[in-house]
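Subject: Handover of a structure for your study

Dear colleague,

Please find below the sequence and structure that I am handing over to you. I would ask you to keep the structure open while you read the notes that follow it.

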Amino acid sequence: MCGIIGYVGDGHDTADVLLDGLSGLEYRGYDSAGIALANATLDVFKREGEVSALESALEGADVHGGAVGIGHTRWSTHGPPSDANAHPHTDERNRVAVVHNGIIENYQEIRDELTAAGVTFVSETDTEVVPHLIGQALDAGYDPEEAFRRAVDRIEGSYAIAAVFVGSETIYAARESSPLVLGVGDEGHYLASDVPAFVEYTDRVIYLDDGEFARIEEGGIVVTDREGLVVETSIETIEWDPEETGKSGYDHYMQKEIYEQPTSLRQCLRGRVDELEGEIVLEELADLAVEGPVQFVACGTSYHAALYGSALLQERGIPAQAFLASEYASERVPVGEDHLVVGVTQSGETADTMRALREASAAGAETLAVTNVVASSAARECDHALYIRAGPEIGVAATKTFASQQVALTALACVIGGGDSREVVRGLRSVPDKVQTVLDESTAREVAAEYVDADAYFFIGRHYQYPVALEGALKMKEITYKHAEGFAAGELKHGPLALVTERTPVFALVTGDGEIARKTIGNVKEVEARGAPVVAVTDGQSDVEQYADHVLRVPTSTPVAAATVANVQLQLVAYWVANMLGRSIDKPRNLAKSVTVE
């Protein structure tokens, strides 16, 4: 959840590099931020609040420079946001500074042991045990690298850890179930939780695997295993343009990413759709053979995409279910060698999803990662990987990645399910242009202004539109902080209808004119009869407009494609409501982009 940045070199001002990196990682956590600069002394600066608070503190500070440093932006797990709980943390003699992402499960045991030995703690975090463990090892005569390794060996749980020492121009790092990537530059080297932290400086990266350690110096990077043996690494090239991680003139990253969806969808489809032949070809899955049921595991927005994917497969006669990854183990879902388990995860690092995939793999199931991040943990650990190619997404609330997940899963369903895909291909090829039409012509801003003061928002849909209703509600909750719920339209009369009032607008997803549309219109009539305002998201093929107070139009499309197109209208409504309420749209309270703790 938290963000880590590190830099070793002499080509840039270290403090500036760290602050740039923290700004690029602020979507991962923004409760507090801090940096440590190592040279003849160890200088630590940290502040509660956003990175801007740290920048203000540094303006009048005596920053000694140095060629090595680490930084951190925090999403709180142990202890509330405060200067004391902010990272980096140091030992009592200020010899080592540590930043950490993850959860140390045995920290209380270690803390009690250290306290009994006379160590004084100054924070409530689990992380602080690490520098004190390192300090003990230094007192025992171990050199910095061995002291770091011995401390890491003591802790249990998930972690990405980096440490710097007084008098040393080296960063020591390790990872276990939490992402850490190294950047290979011409004027120094970098490490971070995610590529946006240093993409403006280098596009060459090394991904650390679980159980690996790294020693980063100006002269090079050495990766070793738990036993200290050198690991052969490969340098990969990131295809992102640094400008992709900027706002490009938009007020918010989320707004920019909503408007990038036509481009992202074209990238997802490129080389995969043959309209002349009516075929979908996923060359990366050429050796995928599905012989039994398919299970999807995912969290949050990705879970809604997984529900959509399971509906697509069910429609093609393939037994498929979507599970919340956090509940997958506790539900004791039957899984075996005949199953394909698909992990849908934007980052490829989501802790709950990774655990579910690992359990499925241990049970003998074949695994597939549907992810946005090349060489992420999910992509490396699964038997297969399907990339959604959405490009970097900085806003915490997922937008373009959800649309790209929908399209990628549609392609996957065609490949797995077989049969004639001509209608699906036709629909997929049209999606980017139809999304552009929505972006150009939407009246979502006017609808948002009408209902910005509503008590709650309800979203309803059936079949392919049901996951979109859930996603529309999630977007509204995430960035407006207002109550919102998504329902299968037919479920309203089984309880939720009791919540409907004249101050609870109902957004109804109605596309096409078949039985599903007619039944949803029946549900619209039910809420209209009870005084609720209705906003219809429709392609005009049905008569739902005569029962609606407002209409958000979408172009006519195939049933599968319509769900992706309709979702854009709900994204825009949530964005404009949040904007009118003055919310922190890109960094909504209490949330982080990549959830790497269970």
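Val294, Phe296 and Ala298 point one way from strand 17, Gln295 and Val297 point the other way, and all are buried. Here, buried means under 20% relative accessible area, exposed means over 50%, and partly exposed lies in between (1.4 Å probe, protein chains only). Helices (H or I, at least four residues) and strands (E, at least two) are DSSP runs, numbered from the N terminus. In a regular strand the side chains alternate between the two faces of the sheet.

Before I continue, a note on the source. This is a predicted model, in which local features need pLDDT of at least 70 and side-chain atom pairs count only at pLDDT 80 or more, while totals for chains, interfaces and linings use all residues. Residues are numbered from 1 along each chain as its sequence is written, and side-chain values use heavy atoms, with hydrogens and water left out.

**Strand 17 and its partner**

Strand 17 covers residues 294-298, and because five of its five residues are buried, it is largely enclosed by the rest of the structure. It pairs with strand 18 (residues 320-324) in the parallel sense, over five bridges. Two strands are said to pair if DSSP finds at least two bridges between them. Within this pair, Val294 stands opposite Ala320 of strand 18.

**Strand 4 and its two partners**

How many residues of strand 4 are buried? Seven of its seven residues are, and the strand is mostly covered. Val68, Ile70, His72 and Arg74 point one way from strand 4, whereas Gly69, Gly71 and Thr73 point the other way; all of these are buried.

Strand 4 runs antiparallel to strand 1 (residues 3-8), to which six bridges join it. In this pairing, Ile5 has Gly71 of strand 4 as its bridge partner. Strand 4 also runs antiparallel to strand 2 (residues 32-38), and here the number of bridges is seven. Ala33 stands opposite Thr73 in strand 4.

The loop between strand 4 (68-74) and strand 5 (89-90) holds Pro88. The peptide bond from His87 to Pro88 is cis, with omega near 0°.

Strand 5 pairs with strand 6 (residues 96-104) over two bridges, in the antiparallel sense. His89 has Val98 in strand 6 as its bridge partner.

Ser177 is not a glycine, yet it has a positive phi of about 60°. Ser177 is placed in the loop between strand 8 (170-176) and strand 9 (181-184). With 25% relative accessibility, Ser177 counts as partly exposed.

Tyr481 is likewise not a glycine and has a positive phi of about 65°. The loop between helix 15 (465-480) and strand 23 (483-488) contains Tyr481. Its relative accessibility is 24%, so Tyr481 counts as partly exposed.

Is Glu393 buried or exposed? At 4% relative accessibility, Glu393 counts as buried, although it lies in a loop, between strand 21 (384-387) and helix 12 (400-417). The C-alpha atoms of Glu393 and Ile134 are separated by 36 Å, and the two residues are 259 residues apart along the chain.

**The chain as a whole**

The secondary structure of the chain comes to 17 helices and 26 strands. The radius of gyration of the chain is 25 Å, close to the 25 Å that the globule rule gives for 598 residues, so the chain is as compact as a globular protein of that length. That radius is taken over C-alpha atoms, and the globule rule is 2.2 Å times the number of residues to the power 0.38. Along its principal axes, the C-alpha trace spans about 80 × 50 × 45 Å.

Of the 598 residues, 61% count as buried. Among contacts (heavy atoms within 4.5 Å) with a separation of 6 or more, 70% are between residues 24 or more positions apart.

Yours sincerely,
A colleague
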